[in-house]
Amino acid sequence: MIFVLFVEMGFHHVAQAESSALIRLNLEKIVTALGKQEAERKFETLLKHLSHPPSFTTVRVNTHLASVQHVKNLLFDELQKQFNGLSVPILQHPDLQDVLLIPVIGPRKNIKKQQCEAIVGAQCGNAVLRGAHVYAPGIVSASKFMKAGDVISVYSDIKGKCKKGAREFDGTKVFLGNGISELSRKEIFNGLPELKGMAIRMTEPVYLSPSFDNVLPRYLFLQNLPSALVTHVLNPQPGEKILDLCAAPGGKTTHIAALIHDQGEVIALDKIFSKVEKIKQNALLLGLNSIRAFCFDGTKAVKLDMVEDTEGEPPFLPESFDRILLDAPCSGMGQRPNMACTWSLKELASYQPLQRKLFTAAVQLLKPEGVLVYSTCTITLAENEEQVAWALTKFPCLQLQPQEPQIGGEGMRGAGLSCEQLKQLQRFDPSAVPLPDTDMDSLREARREDMLRLANKDSIGFFIAKFVKCKST
């Protein structure tokens, strides 16, 4: 049995080496770069870390409407209510001034498991580990006599084997903590598809994180640390025309608008209508008027004929934008927690060509001396460093740029980039530090600088590359 993290495809599933030449090629690459023993050790560690949430919950303050200190005070009061008076610190990030960090307490090992059980799907389970309550659509199974007001032990069906509506489940499941049922089993499984309310309020989660369901919605945006960093790396300026090429659900789009003080033009594209509507809703909620969102395929965003724009809608003329963010569709294999590996080889193989089509469109749309930032929330070499190496060869007009702030580690070897080029990238490796075991005592004793260092290291998997366009294409 070999741990194969497809270095070209990036598959972080524990799998037997198959006869596929592609798999052998990927394995050869990672072993060449790291050595077999080190590669296997790293993958085992990585898989373990990916199944746990990051050590901090990260929120971005909407500085367009309020100061960071004002929102921090409001959030402190909210956390006091949620945590029944526990004084959990809120840290302002020193390099990302609009970012607040809240330590996650856990894993808590002394929670008494109850006889009455509910089984939730893997996606719902991942959300619970990051502070969410359980909503009715996420419940797959519930004990026969479960009624409203019961104390329930909640488990995640990480292999997707539990049948909807089952009264018991003996398959592989992961304990998420205890909660109080808001609905009876009969109400949950009464066949009404519109039942979407809260079904179990988590009172003793294994990981104690704040719930942000309708908490200060105009002032806060729940966002992973590297996702908030990427917009600072883009460094948008007031008065510029900026494109967010794959924008849903709008976290980075609204961040761009806030950083330019809502002075300029921020164009957001996504090809799924419901996601575009979500971007518009977020912009309205956060009071940002510089954003225009369109339902449009980013790979077709370049206007091929040179007829002048009429309404400023996509497609756009070449060299129309001062800065472009390409937060590309990807395998998402850096997301945490993720307790279930569900990717197929076909799915993984589809991302690199799509990313290159989007990247090509972005280069064409970027003005000379403009800035292009490419990012993913995955850990694969194929979707990250290999794309950078391809871009630098394909587009001689591009130059790789150092990034500010520099919080992540350097890029991974194996794609043919020089040591200097790797230092200009930012890669967030979820396995960079040992998994912490945080309780209130350790929080009281922890130094601020140590907590900030942990927050920077123990995040989701993420990648950022920054380019400048030197001449017209």
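**Entry 1: Pro103**

I began at Pro103, which lies in strand β5 (residues 99–103). Helices here are DSSP runs of H or I with at least four residues, strands are runs of E with at least two, and both are numbered from the N terminus. The model is a predicted one, where local features need pLDDT of at least 70, side-chain atom pairs count only at pLDDT 80 or more, and totals for chains, interfaces and linings use all residues. Residues are numbered from 1 along each chain as its sequence is written, and side-chain values use heavy atoms, with hydrogens and water left out.

Is Pro103 buried or exposed? I found a relative accessible area of 2%, so Pro103 is buried. (Buried means under 20% relative accessible area, exposed over 50%, partly exposed in between, with a 1.4 Å probe and protein chains only.) I then listed its contacts, meaning heavy atoms within 4.5 Å. Leaving aside neighbours within four places in sequence, Pro103 is in contact with Ser55, Phe56, Val88, Pro89, Leu208, Leu443 and Met451. I also checked Ser87: from Pro103 it is 16 residues away in sequence and 11 Å away in space, C-alpha to C-alpha.

**Entry 2: confidence**

I looked up pLDDT, the predictor's confidence in each residue, from 0 to 100. The protein chain has a mean of 90, and 91% of its residues reach 70 or more. Over residues 1–27 pLDDT stays under 50. For that stretch the model has 66 contacts beyond four places in sequence.

**Entry 3: nonpolar cores**

I count as a nonpolar core a set of buried Ala, Val, Leu, Ile, Met, Phe, Trp, Tyr and Cys residues joined through side-chain atoms within 4.5 Å. The largest has 53 residues. Which of them touch the most other members? They are Leu75, Leu101, Ile102, Val373 and Ile464. Helix α6 (residues 225–234) gives the most to this core, six residues.

Not counting residues up to four places away in sequence, Val373 touches Val230, Val233, Leu234, Ile324, Leu325, Leu326, Ile464, Ala465 and Lys466. Another core, of 36 residues, lies apart from the largest one. Its members include Val302, Leu358, Leu372 and Cys397.

**Entry 4: helix α4**

Helix α4 covers residues 122–129. Its buried residues are Cys124, Gly125, Asn126, Val128 and Leu129. What covers them includes β6 (117–121), β7 (134–135), β9 (151–157), β10 (174–181) and β11. After α4 comes Gly131, with a positive phi near 110°.

**Entry 5: pockets and cavities**

I searched on a 1 Å grid over the protein atoms alone. A cavity is a set of points where a 1.4 Å probe fits but cannot get out; a pocket is an open set with protein on both sides within 12 Å along at least five of seven lines; lining residues have an atom within 4 Å of a point. Grid points are joined across faces, edges and corners, and a volume is the space filled by probe spheres set on the points.

The second largest pocket holds about 420 Å³. Its lining has 22 residues, and Gln82, Phe83, His133, Met202 and Ser211 are the closest to its centre. The elements giving two or more residues to this lining are α3 (68–82) and β11 (198–205). The largest share, six residues, comes from β11. I sorted the lining into 10 nonpolar, seven polar and five charged residues. (Ala, Val, Leu, Ile, Met, Phe, Trp, Tyr, Cys and Pro count as nonpolar, Asp, Glu, Lys and Arg as charged, and the others, Gly among them, as polar.)

How many cavities of 30 Å³ or more does the whole structure hold? I found two. The largest cavity has about 60 Å³ of space. Among the residues lining it are Pro54, Phe56, Leu101, Arg130, Asn224 and Asp458. Its lining divides into six nonpolar, three polar and two charged residues.

**Entry 6: backbone exceptions**

Most residues other than glycine have a negative phi, and most peptide bonds are trans. I noted the exceptions below.

The Pro314 to Pro315 bond is cis, with omega near 0°. Pro315 sits in the loop between β15 (291–295) and β16 (321–327). The Glu404 to Pro405 bond is also cis, with omega near 0°. Pro405 is in the loop between β18 (398–400) and α11 (419–423).

Asn84 has a positive phi, near 55°. Asn84 lies in the loop between α3 and β4 (91–92) and counts as exposed, at 74% relative accessibility. His261 has a positive phi near 55°. Its place is in the loop between α7 (251–259) and β14 (265–270). His261 counts as exposed because its relative accessibility is 52%.
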